[in-house]
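Welcome! Take a moment to turn the model around on your screen, and then we can walk through it together.

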Amino acid sequence: MEQNNHLYHLFALHYSASLIHRAIREYRELVALSSIPNQQGYFIAIMYTLCHKLGVQWIKSCDKQCQ
């Protein structure tokens, strides 16, 4: 997990603890149900989706196709 420290630090700088904890809860719940080969990518996808659902700006700009 140490290889992901940069990512976690970046999230901590940009997002609230409550949003991050919500993403962690969703991640743990879904990972418990199935095997996820790219766990880091899956967590990022959850964070991305939550940001959009909550109207929070994503770290990077989204393109026109982003919903």
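## One face of helix H2

Let us begin with helix H2, where the buried residues are Leu19, Ile20, Ala23 and Tyr27. These four sit on the same side of H2, because the arc they cover around the axis is only 95°. Turn to the other side of H2 and you will find exposed residues: Ser18, Arg25, Arg28, Glu29, Ala32 and Leu33. Please keep in mind, here and below, that this is a predicted model.

What do the buried residues of H2 pack against? Their partners are H1 and H3. The length of the helix can be checked as well: H2 has 17 residues, which at 1.5 Å a residue should span 24 Å, and its end C-alpha atoms are 25 Å apart, so the two values agree.

How many salt bridges does the structure hold? It holds one. The partners are Arg22 and Glu26, whose side chains meet at 4.0 Å, N to O. Side chains of opposite charge can pair when their charged atoms come close.

Both Arg22 and Glu26 belong to helix H2, and they are four residues apart, about one turn of the helix. Are these two residues buried or partly exposed? Arg22 has a relative accessible area of 34%, so it counts as partly exposed. Glu26 is partly exposed too, with a relative accessible area of 27%.

## Helix H3 and its buried side

Now move on to helix H3. Its buried residues are Phe43, Ile46, Met47, Leu50 and Cys51. They cover an arc of only 135° around the axis, which means that they lie on the same side of H3. These buried residues pack against H1 and H2.

Just after H3 comes Gly55, which takes a positive phi of about 75°.

## The nonpolar core

Which residues have the most contacts inside the largest nonpolar core? They are Phe11, Tyr15, Ala23, Phe43, Met47 and Trp58, in a core of 13 residues. H1, H2 and H3 each supply at least two residues of this core. H3 gives the most, with five residues.

Leaving aside residues up to four places away in sequence, Tyr15 touches Ile20, Met47, Cys51, Val56, Gln57, Trp58 and Ile59.

A search of the whole structure finds eight aromatic pairs. One of them joins Phe11 and Trp58, a tilted pair with 6.0 Å from centre to centre and 55° between the planes. Why does this pair tie together parts that are 47 residues apart in sequence? Because Phe11 lies in helix H1 (residues 5-14), while Trp58 lies in the segment after helix H3 (39-54). Phe11 counts as buried because its relative accessibility is 2%, and Trp58 counts as buried at 13%.

A second pair to look at is Tyr27 with Phe43: the ring centres are 5.8 Å apart and the planes are at 90°, so this pair is edge-to-face. Since Tyr27 lies in helix H2 (residues 17-33) and Phe43 in helix H3, the pair ties together parts that are 16 residues apart in sequence. Tyr27 is buried, with a relative accessible area of 16%, and Phe43 counts as buried at 9% relative accessibility. The rings of both pairs belong to one aromatic cluster, formed by Tyr8, Phe11, Tyr15, Tyr27, Tyr42, Phe43, Tyr48 and Trp58.

## Before the first helix

One last stop is Asn4, which lies in the segment before H1. Is Asn4 buried or exposed? With a relative accessible area of 5%, Asn4 is buried. Asn4 and Gln40 are 36 residues apart in sequence, and in space they are 7.7 Å apart, C-alpha to C-alpha.

Notes. Residues numbered from 1 in each chain as written. Predicted model: local features only at pLDDT ≥ 70, side-chain atom pairs only at ≥ 80, totals over all residues. Heavy atoms only, no water. Phe/Tyr/Trp six-rings, centres within 6.5 Å; stacked < 30°, edge-to-face > 60°. Buried < 20%, exposed > 50% of the residue type's maximum accessible area, 1.4 Å probe, protein only. Arc of directions from axis to C-beta. Contact = heavy atoms within 4.5 Å. Expected span 1.5 Å × (residues − 1). Core = buried A, V, L, I, M, F, W, Y, C linked by side-chain atoms within 4.5 Å.
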